[in-house]
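Here are my notes on the structure, as numbered points. Please read them with the model open.

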Amino acid sequence: MSDLHSESVAFVRDTMLTPQSPPASQAGAIKWLRENLFSGPMNTILTILGVGIVVYLVNLGLPWFLHSVWNANSLAECRSAITATWGPDAHGACWAMIRERWSQFMFGFYPNVFYWRPILALLLLFVALAPILFAEFSNRLTIAGGVVAALVVWLAASYGEWLPVGILAVVAAIAGLLAVQGTKWPHNLIWFPIVYAGIAFWLLWGGSIFTPIAALAGIVVGWLAFRILAPIAGNIVAVTAAVVAPVLWWYFGSEPVIDLLSRALPRVEPFWLPPVDSDQFGGFVLAFVIGLTGIAFSLPMGIVLALGRRSDMLLVKALCVGFIEFIRGVPLITLLFTASLLLNYFLPPGTNFDIILRVIIMVTLFSAAYIAEVIRGGLAALPRGQYEAADALGLDYWKAQRLIIMPQALKISIPGIVSSFIGLFKDTTLVVFVALLDPLKGITDAVRASIEWKGIYWEPYIFVGAIFFLVCFSMSRYSMYLENRLKREHR
Amino acid sequence: MATFADTPKANFRLGMLIYDTRYRSVTIQIVVLFLFMAGAAWLLNNLFTNLAERGKDLSFSFLWYRAGYDINQTLIPYTNDDTHFRAMLVGLVNTLLVAFLGCVAATIIGVVVGVLRLSSNWLVARLMTIYVEIFRNVPVLLWILVTFAIFTEVTPQPRDFKVTDQMIAEGQEPAASMLLFDSVAITNRGTFIPKIVYSRSLGEIHLGFLPISIDTLLVLASIVFGVLVFRAIGNNATKVQEATGVRPVTWWKRLLALFGPLLIVLVALGFSLQRPTLGGFNFTGGVLVLNSFMALWIGLTLYTAAFIAEIVRAGILAISKGQTEAAYALGLRPGRTMNLVILPQALRVIIPPLISQYLNLTKNSSLAIAVSYMDLRGTLGGITLNQTGRELECMLLMMLIYLVLSLLISSGMNVYNNAVRLKER
């Protein structure tokens, strides 16, 4: 049958036809446009509206940006330059203000000659953060390091003689330590952040170097007490001692020692920096000091509060719930006012401590309550089996929390924790209401109060807003990176 | 047969207070209680010492003294002869006004943006992403200040609205014109909006110190009545549908029920809108909305709307695609799928974070201080505090009020949350 059939077919094609290109409406840009912008009447209307908004905004803003002036000493000069170049009706941005007031936006009224101190603190911050933020040495980190190094060279050229000396000293010290400990950078630097707290305090506020050293010595004292007592008297006594010993040291031991050492050594630069008052702080130095300290302290405090709130002990739970709900129920401004107006009522007569410290305490408490709620959510999301498994292994409460519960709960709550951090950093602008010079309103008003820059509105807001955006946006991107890195399922 | 006996109590040793888990929690709680009491006693002792040293006492009687300052936005009658307590109430009402309007506007904008961010339209989705990211990552104070600067620096002066005969003769346009059929004028002195006037007004009743307009009460009652009838007709239609399988046509009845009573009441009261008109150098008639209020309201709204948009988007994304597909397989149209399947499930995810955004907005309204809007912080925590020098009492009272406000909002929203919650067996 088949033979017969094959003879009856006159022609059998043995090659494929070359495929035709799809119709114009089904390929390339046109297809993309049809699918993404004009897929139906509703979408078409939305697209036209969107284009209208974009055109309106560009029309409004672009000429203003294009007519920018970068070199001038006052707003009037700016305006005359714009009129001279672009005609009498033109408007333009006057970024010259930022050039001229850059240091005020960054440092507030910090003395000029000491600008190298906050800069050095900021650079060391990157070194301190690296071991916390990045677990392994990657290409990106090298690039970041390169950027920081370039920044160092540039800043060293601009600001004073002590900056390069300080940086060289730090680089040499870190290189030496790495050489001793092996090259597993950045993991081996995990102790540096604690030391950094002391260094940064000393650099920013000045005074004797022995003040931060004595404060850090307290931590060493506590650690030693724990290590010595733990094998002899058991964990509970050791922990109690580790808490009590530093307090005793800070309260009684540290001051005579500081006095003795500072008297023994001359008041010269490596041992003693000229002190800077808190009311000279301002601008982004202030925002970063408050924001970073708040972030550093609010996380551990939030964890403790969250654990307290989930505790079986009625009293502990009640105290934690009361604290968290109270803090979350009132605006931050009222807490800041409490710090500036009322705190003196609640402290022994005659006590008067630093306004920045008070603000930091309040911001930390505020943020800790929010973080506690985020972490409580993470703890509640853990399956009960995890707790039961930890109990079945015979782990005690703290070991179970440290090894099993917290790593998982914190991983779940990363997005919430980071958005609390972002909120905290944004809230640092509120310190202007207790008469501190925050970059947004404090410094901007100060700039606008001068004769040269009276009436300048948009440029300072855009500049400060852009910096806040940069910091907060990178924080949220980092949280996404961290979530990705810690993801253990679906690999 | 082995039996288990309790550990004999007679063998109690002091060390068991720490090492025995049965007693340890009691020990810890006693220690915590002791520390807490000691701390509280220390603070209170300091407080009384300090108060005595400054010759002050703890008394709220200043609330009944004459306030003596003016407030530029008063929703309840107030003159500077009234008491500090009344000034505080005026401030509280101002706080509530901006918080309420802010929550409503932020919810509307947030839901629209959140849905549009998921739209298949490339351009619109990108625009909404840019909006959300920009507004979320910049302090809310900046948005309030920028809006205030726009309202005070960019908007025209009232005299720019003036149209003279000469200008008409020359065919010139005035420098600025009013919006919405000549009823709203945005000027650098404030925004003028139409005022509601009832020509056959029924007067007011005085509820203690608070005068309430009977007209407004009637209008509100007619709206509530309309909504109740509207829902009753809907429920009835559902019942008929369940019994017979056919849904009766009710849309015109429902429309009539919703707007009929309101229209009748408005006509009976002689409702009309009084437009602001330019007289001399400023507008007269209508209602003046302060620039500080507009700045605070718009700033808070746009900032919070960005967060709400993210919540709405997350809520919709949390519903698995299978739900939509199942609804389509059942033959539901997209609109009904959204209403009957997706939204009820998404609301469960959306409501709890939405509550905390409402709370945040209410608390952030205390930033009114940045634009000198006289809210609770401006009256009680501002001028009253400075005049009377009673920081402690003012701050305590203010915190208490904010705390109560937060608790009221969250409990009110929790009632709603329970209504939409998954009914588990």
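1. Start with a definition. A salt bridge here is a side-chain nitrogen of Lys or Arg within 4 Å of a carboxyl oxygen of Asp or Glu. B:Glu310 and B:Arg117 meet that rule, with their closest N and O atoms 2.3 Å apart. B:Glu310 belongs to helix 9 of chain B and B:Arg117 to helix 3 (residues 84-117) of chain B, so this pair ties together parts 193 residues apart in sequence. Is B:Glu310 buried or exposed? B:Glu310 is buried, at a relative accessible area of 17%. B:Arg117 is buried as well, at 14%. Bear in mind that this is a predicted model.

2. Next, the salt bridges overall. Over all chains, the search of the whole structure finds 17 of them. In chain A, the side chains of A:Glu373 and A:Arg309 form one, at 2.7 Å from N to O. This pair links distant parts of the chain. A:Glu373 sits in helix 15 (residues 355-381) of chain A, A:Arg309 in helix 12 (residues 283-309) of chain A, and 64 residues separate them. A:Glu373 counts as buried, with 15% relative accessibility. A:Arg309 is buried too, its relative accessible area being 13%.

3. The pair in point 2 belongs to a network. Which residues does the network of salt bridges link? They are A:Arg309, A:Glu325, A:Glu373 and A:Arg376.

4. Now a local pair. A:Asp445 and A:Lys441 form a salt bridge, with 3.3 Å between the closest N and O atoms. Both residues lie in helix 19 (residues 439-449) of chain A. They are four residues apart, about one turn of the helix. A:Asp445 has a relative accessible area of 30% and is therefore partly exposed. A:Lys441, at 17% relative accessibility, counts as buried. The cut-off matters for this reading: buried means under 20%.

5. Turn to the interface. The area buried between chain B and chain A is about 5000 Å². Carbon and sulfur atoms give 75% of that area. Across this interface the rule finds zero salt bridges. For polar contact, it finds 18 residue pairs between chain B and chain A, both residues at pLDDT 80 or more.

6. B:Gln357 lies in helix 11 of chain B. B:Gln357 is buried, with a relative accessible area of 11%. Leaving out residues up to four places away in sequence, B:Gln357 touches B:Thr304, B:Phe307, B:Ile308 and B:Ile311.

7. Check a loop residue as well. Where is B:Phe161? B:Phe161 is in the loop between helix 5 and helix 6 (165-170) of chain B. At 8% relative accessibility, B:Phe161 counts as buried. Beyond its neighbours within four places in sequence, B:Phe161 is in contact with residues including B:Pro156, B:Pro174, B:Met178, B:Ile186, B:Leu278 and B:Phe283. B:Phe161 and B:Phe135 are 26 residues apart in sequence, and their C-alpha atoms are 33 Å apart in space.

8. Last, chain A as a whole. Chain A has 20 helices and two strands. Of its 491 residues, 40% are buried. Among contacts in chain A between residues at least 6 apart in sequence, 75% join residues at least 24 apart. The accessible surface of chain A comes to about 27300 Å², and 69% of this belongs to carbon and sulfur atoms.

Definitions and conventions
Residues are numbered from 1 along each chain as its sequence is written. Chains are lettered from A and ligands numbered from 1 in the order in which they are written. This is a predicted model: local features need pLDDT of at least 70, side-chain atom pairs count only at pLDDT 80 or more; totals for chains, interfaces and linings use all residues. Side-chain values use heavy atoms; hydrogens and water are left out. Buried area is the accessible area (1.4 Å probe) that two parts lose on being put together, summed over both. A polar contact is a pair of N or O atoms within 3.5 Å; within protein, one must be able to donate a hydrogen and the other to accept it, and residues adjacent in sequence count only if both atoms are side-chain atoms. Buried means under 20% relative accessible area, exposed over 50%, partly exposed in between (1.4 Å probe, protein chains only). Contact means heavy atoms within 4.5 Å. Accessible areas come from the Shrake-Rupley method with a 1.4 Å probe; for residues, only the protein chains shown count as cover.
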